[in-house]
Amino acid sequence: MRRYVIAGNWKMNMTPNKAKALIEEMKPLVAGKDNCDVVLCVPAIDVPAAIEAAAGSNIKIGAENVHFKASGAYTGEISAEMLVEAGVEYVVIGHSERRQYFGETDQTVNLRTLAALNAGLKAIVCVGETLEQRELGYTETLLKFQTKMALTNVTAEQMKNVIIAYEPVWAIGTGVTATADQADEGNGYVRAAVAEMFGASVAEATTVQYGGSMNDKNAAELLSKENVDGGLIGGASLKSAAFAAIVEAAQ
Ligand code: PEP
């Protein structure tokens, strides 16, 4: 019922020319892999090159952030309308790096999510606990709280355009992957929070990704879990063969 989504998050990597070259390499490797949506979330400056390179393929382009205001005196920011007009379809919101380094809060994650959805973008909303929060036993509480805060004032209809990525902070970019059972459990907490807000059928239909050092070696096991409906992939999305292998694992 729910669709797998394999999404790369390039972070602050790749110039426009490198973006074009990498997408050209990836296109034939992921062509026809229709059991999942294939998305690359790229730096804003790479968006035009990425969209041009991906044209006619099954690769969709996403951004890595969006501002919550429609326009105005917000130097350096990019609005949802700007992304839509550029051809962007998805946007990552509330990545832990933005929470950690750029003052992102649960409230601004919610505002960005609403701005993205109201503009017709698909929102990939990130939630996840730190190692300290996990060790204190707060994982379930934290994941449910972050999920509910992010989705406040979102309608059940808009949930069709929401993807939630469970990304344990301790697993992002560290090479330490959650076990498949930990990923399944975390994703299950997220789905339970969606059910508490919107009911069981919306929760069952919502794509919940796992993210955190997912790669070509561990993807099949992670994706085999009931609650894991895809991946948000950083490092391995910068290598065509590794990313394609993860897309293959989602078939
Ligand atoms: C990410 O950037 O969301 C991520 C999960 O990174 P990595 O795959 O490198 O851990």
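Start by selecting T206, which counts as buried at a relative accessibility of 2% (buried is under 20% relative accessible area, exposed over 50% and partly exposed in between, with a 1.4 Å probe and protein chains only). What you have open is a predicted model, in which local features need pLDDT of at least 70, side-chain atom pairs count only at pLDDT 80 or more, and totals for chains, interfaces and linings use all residues. Residues are numbered from 1 along each chain as its sequence is written, and side-chain values use heavy atoms, with hydrogens and water left out.

**Stop 1: around T206**

T206 sits in the loop that runs between α9 (200-205) and β7 (207-211). Helices (H or I, at least four residues) and strands (E, at least two) are DSSP runs, numbered from the N terminus. Show the side chain of T206 and look towards V202, whose backbone oxygen it reaches at 2.7 Å. That is a polar contact: a pair of N or O atoms within 3.5 Å, where, within protein, one must be able to donate a hydrogen and the other to accept it, and residues adjacent in sequence count only if both atoms are side-chain atoms.

Contact here means heavy atoms within 4.5 Å.

**Stop 2: across to D229**

Is D229 buried or exposed? It counts as buried, at 2% relative accessibility. You will find D229 in the loop between α10 (219-223) and β8 (230-233). Colour R2 and R191 next. The side chain of D229 makes a polar contact of 2.8 Å with the side chain of R2, and another of 2.8 Å joins D229 to the side chain of R191. Beyond its neighbours within four places in sequence, D229 also has contacts that include Y4, N187 and T207.

**Stop 3: the second largest pocket**

Rolling a probe the size of a water molecule over the atoms shows where empty space is left. The second largest pocket holds about 280 Å³ of space. It has 17 lining residues, and M159, K160, N161, A205 and T206 are the closest to its centre. A pocket is found on a 1 Å grid over the protein atoms alone, as an open set of points where a 1.4 Å probe fits, with protein on both sides within 12 Å along at least five of seven lines; a cavity is a set from which the probe cannot get out, and lining residues have an atom within 4 Å of a point. Grid points are joined across faces, edges and corners, and a volume is the space filled by probe spheres set on the points.

Both β6 (162-166) and α9 supply at least two residues each to this lining. Its classes are nine nonpolar, three polar and five charged residues. Ala, Val, Leu, Ile, Met, Phe, Trp, Tyr, Cys and Pro count as nonpolar, Asp, Glu, Lys and Arg as charged, and the others, Gly among them, as polar.

**Stop 4: the largest pocket**

How much space lies in the largest pocket? The volume is about 530 Å³. Select K11, E64, N65, R98 and F102, the closest to its centre of 21 lining residues. Helix α4 (residues 96-101) gives the largest share of this lining, with three residues.

While you are on α4, pick out E97, which belongs to this helix. A polar contact of 2.7 Å joins the side chains of E97 and K11. Leaving aside neighbours within four places in sequence, E97 is in contact with K11, F102 and I172.

**Stop 5: the ligand**

Of the 14 residues around the ligand, K11, E167, G173, S213 and G234 come nearest.

- H95: a polar side-chain atom at 2.8 Å.
- E167: a side-chain N or O atom at 2.7 Å.
- S213: a backbone N or O atom at 2.7 Å.

**Stop 6**

Go to M14, in the loop between β1 (4-9) and α1 (16-30). Its phi is near 85°, a positive value in a residue other than glycine. M14 is partly exposed, with a relative accessible area of 25%.

End at N153, in the loop between α7 (139-150) and β6. Phi of N153 is positive too, near 70°, and N153 is exposed, at 62% relative accessible area.

Terms used
A residue is near a molecule or strand if one of its heavy atoms lies within 4 Å of it.
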